[in-house]
Amino acid sequence: MKTAVFLLVLLESVFAYGQVKSLDIHIPNSIMRGGDDKIVIYRITTNEQGIINSITAVNNSEYIVPEIIVCDRKITISSDRRVYSINQIEIDEECLYVKGGGRSIFTRDGNQAMPVSITPTANVIYEHDEIRLEKKSDKSLEETFKINPSRFSGISFFETISIVDCRYKNNPQNKYTYEKRNGAVFVTYYRMMDEFEEYSDRIKIEGNIHCDSMKTNIINYFIVYSVYSLAARILFPFFFLENP
């Protein structure tokens, strides 16, 4: 009898932690303004439900580790990007309610919770007052701003040219591209069409935290965006496409 109980507890433990995953992303400081030549390894881990609960820096003692508190229906995020990011996510059946800091696009008058609709079976993955994320195909994504589309373009992912992070819609030549080649990500900054800078250091991604639940992937993208927006842009297709 004791043996049967032990086996049951063991099986329950294995099942409960079957969703726990981790991902390491190697980001060189050189691609940041005023950065040095160090490559920092950021480790992202999830809990048993597949939701990110930890983002740490393996080799950088100066990194401020964010506090990510995951409860049943509410996630609280505290990081050094607090005024720009999402600080709270409330989880409902068909949408999320998010609150951001004072300069966040997710903030509204009175700091009211802002609904984000989720339609995982449709082409539109999520949508709220300012942003729409659409799945164009199995190998392409496009995030666009709705309120001021003439200024901000958002992020796009295409199989042939990888991630394009445009700064301004009315100047599409001003952009960052993150192109995956030979197991590494090459970063290029374009000021104009013929004026660009390709960074010598490469970004590496090891592991996978993609989840079968699109809602969980959306939540995880918002968490990473709130903590480190550069990492969120680089990992953009890895959240929303199973095999980018």
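Strand 2 (39–46) and helix 2 (214–227) each supply at least two residues of the lining of the largest cavity. Helices (H or I, at least four residues) and strands (E, at least two) are DSSP runs, numbered from the N terminus. This is a predicted model, where local features need pLDDT of at least 70, side-chain atom pairs count only at pLDDT 80 or more, and totals for chains, interfaces and linings use all residues. Residues are numbered from 1 along each chain as its sequence is written, and side-chain values use heavy atoms, with hydrogens and water left out.

**Overview and confidence**

- The protein chain holds three helices and 17 strands.
- Of its 244 residues, 45% are buried. Buried means under 20% relative accessible area, exposed over 50%, and partly exposed in between (1.4 Å probe, protein chains only).
- The mean pLDDT of the chain is 80, and 82% of residues reach 70 or more. pLDDT is the predictor's confidence in each residue, from 0 to 100.
- Contact means heavy atoms within 4.5 Å.
- Among contacts between residues at least 6 apart in sequence, 34% join residues at least 24 apart.

**The cavity**

- The count comes to one cavity of 30 Å³ or more. On a 1 Å grid over the protein atoms alone, a cavity is a set of points where a 1.4 Å probe fits but cannot get out; lining residues have an atom within 4 Å of a point.
- The largest cavity has a volume of about 50 Å³. Grid points are joined across faces, edges and corners, and a volume is the space filled by probe spheres set on the points.
- Its lining consists of Ile25, Tyr42, Ile44, Ile55, Tyr63, Val224, Val227, Tyr228 and Ala231.

- Helix 2 has 14 residues, which should span 20 Å at 1.5 Å a residue; its end C-alpha atoms are 20 Å apart, which agrees. The expected span is 1.5 Å times one less than the number of residues.
- Helix 3 (residues 229–240) should span 16 Å with its 12 residues, and its end C-alpha atoms are 16 Å apart, in agreement.
- Helix 3 is also largely enclosed, because 12 of its 12 residues are buried. Among them are Ser229, Arg233, Pro237 and Phe240.

**The nonpolar core**

- The largest nonpolar core has 60 residues. Such a core is a set of buried Ala, Val, Leu, Ile, Met, Phe, Trp, Tyr and Cys residues joined through side-chain atoms within 4.5 Å.
- Ile89, Leu96, Tyr126, Phe222, Ile223 and Phe240 have the most contacts inside the core.
- Beyond four places in sequence, Leu96 has contacts that include Ile89, Met114, Val116, Ile218 and Phe222.

- Arg43 lies in strand 2. At 34% relative accessibility, Arg43 counts as partly exposed.
- Arg43 and Val58 are 15 residues apart in sequence, yet 6.6 Å apart in space, C-alpha to C-alpha.
- Leaving out residues up to four places away in sequence, Arg43 touches Leu23, Asp24, Ser54, Ile55, Thr56 and Val58.
- Thr188 sits in strand 15 (residues 184–192). Thr188 is buried, with a relative accessible area of 6%.
- Past its neighbours within four places in sequence, Thr188 is in contact with Lys175, Tyr176, Thr177, Phe196, Glu197 and Glu198.

Methods:
1 Å grid on protein atoms, 1.4 Å probe; cavity = no way out; pocket = protein on both sides within 12 Å on 5 of 7 lines; lining within 4 Å.
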